[in-house]
Amino acid sequence: RGKARERQGRVGEAESDLRAAVAALGLAGAPAARDLITALEMLAETLVASRKDTEGEATERRAVELARRELGADHPLLGKALTSWSRALRVLGRLPEAEAAAREALALDERVLGEDHPQTLRALRVLAELLRERGNLDAALPLVQQELAGQLRTVGEHHPDAARAMEFLAILESAQGRNSAAEVWYGRALDVYRASLGERHPTTIRALRNQNEFWRRRGDDAQA
């Protein structure tokens, strides 16, 4: 119910509902551990959406600690919680800690779920985004290439998830001065967005703006 209210813009009510759920599940003890971890993650997302970033990070950390203690080091819920915690740490600017959590999540997901599982592909993306933010473009690029390969194997080249990886590749290639490769990936991503989401979808519009900005930086005003 909390997340439904959040989607309706009733974030305050969503937060109250999720706090109540966390409190009730906490009283249930170990048998409710999985549900409590999920509720903690949902609460943390709501807190971050409300700009309560410090409490959001602490809530995500609690989910990680609970998953590690109650479910063990090889449970997929621990990998999911680690990835979410990494994102919360990133919001706070605690990038070395965020990278460590993201690397642990990716290693766990690859080991337990396999390289093509959606959770593993998400972990790849989160780590790549962190590495890009830290200026380590050479390390980020192969992770995005790995993500794209996984998306192509699982959802196919015409899916928006594949297009997101293509667009990220374009951004990384452009940042490293490989403009010809970047132009190809921008074009491929936009083709998929237009076909799958439509011309007026916010994702398509955002990608088009990114491509236009790329052309402007390159000095190709006629294209932009």
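User: How far apart are the closest N and O atoms in the salt bridge of Arg194 with Glu199?

Analyst: This is a predicted model, and what follows should be read as such. In it, Arg194 is partly exposed, with a relative accessible area of 31%, whereas Glu199 is exposed, with a relative accessible area of 52%. A salt bridge requires a side-chain nitrogen of Lys or Arg within 4 Å of a carboxyl oxygen of Asp or Glu. Arg194 and Glu199 form such a bridge, and their closest N and O atoms are separated by 3.3 Å.

User: How many salt bridges does the count come to by this rule?

Analyst: Among the salt bridges are those that link Arg90, Arg125, Glu129, Glu133 and Glu147 in a network. By the rule just given, the count comes to 25.

User: Arg134 and Glu99 also meet in a salt bridge; how many residues apart in sequence are the parts that the pair ties together?

Analyst: The side chains of Arg134 and Glu99 meet at 2.7 Å, N to O. Arg134 is partly exposed, with a relative accessible area of 42%, while Glu99 counts as buried at 14% relative accessibility. Since Arg134 lies in the loop between α7 and α8 and Glu99 lies in helix α6, the pair ties together parts of the chain whose separation in sequence is 35 residues.

User: Which helices hold Arg218 and Glu183, the residues of another pair that links distant parts of the chain?

Analyst: The side chains of Arg218 and Glu183 meet in a salt bridge of 2.8 Å, N to O. Arg218 counts as partly exposed at 31% relative accessibility, and Glu183 is partly exposed as well, with a relative accessible area of 27%. The two residues are 35 residues apart, and the helices that hold them are, for Arg218 and Glu183 in turn, α11 (residues 202–218) and α10 (residues 179–196).

User: What span is reached by helix α6 from its first C-alpha to its last?

Analyst: Helix α6 covers residues 95–112, which is 18 residues. At 1.5 Å a residue, a span of 26 Å is expected, and the value found in the model is close to that, at 25 Å.

User: Which helices are included in what covers the buried residues of α6?

Analyst: The buried residues of α6 include Leu95, Ala98, Ala101, Ala102, Ala105, Leu106 and Leu108, and the charged residues Glu99 and Asp109 are on the buried list too. Just after α6, Gly114 takes a positive phi of about 100°. The cover over the buried residues of α6 includes α5 (76–91), α7 (118–133) and α8 (137–154).

User: Which glycine follows α5, with a positive phi?

Analyst: The 16 residues of α5 should span 22 Å at 1.5 Å a residue, and its end C-alpha atoms are 23 Å apart, which agrees. Its buried residues include Leu77, Leu78, Trp85 and Leu89, and what covers the buried residues of α5 includes α3 (33–49), α4 (53–70), α6 and α7. After α5 comes a residue whose phi is positive, near 80°, and that residue is Gly93.

User: Which residues touch the most other members of the largest nonpolar core?

Analyst: In soluble globular proteins, nonpolar side chains tend to be buried together. The largest nonpolar core in this model has 56 residues. Leaving aside neighbours within four places in sequence, Leu148 is in contact with Ala162, Ala165, Met166, Leu169 and Trp185. The residues that touch the most other members of the core are Leu143, Leu148, Met166 and Leu172.

User: Is Gln211 buried or exposed?

Analyst: Gln211 is found in helix α11, and it touches Tyr186, Gly187 and Leu190, not counting residues up to four places away in sequence. Its relative accessible area is 8%, and because the cut-off is under 20%, Gln211 counts as buried.

User: Which element of the protein chain has the lowest mean pLDDT?

Analyst: The mean pLDDT of the protein chain is 92, and 93% of its residues reach 70 or more. Over residues 1–9, however, the pLDDT is below 50, although this stretch has 17 contacts in the model beyond near neighbours in sequence. Where pLDDT is low, the predicted coordinates should not be read in detail. The highest mean among the elements belongs to α6, at 98, and the lowest, at 47, to helix α1 (residues 2–7).

Notes: Residues numbered from 1 in each chain as written. Heavy atoms only, no water. Core = buried A, V, L, I, M, F, W, Y, C linked by side-chain atoms within 4.5 Å. Buried < 20%, exposed > 50% of the residue type's maximum accessible area, 1.4 Å probe, protein only. Contact = heavy atoms within 4.5 Å. Helix = DSSP H or I, 4+ residues; strand = E, 2+ residues; numbered from the N terminus. Expected span 1.5 Å × (residues − 1). pLDDT = per-residue confidence, 0-100.
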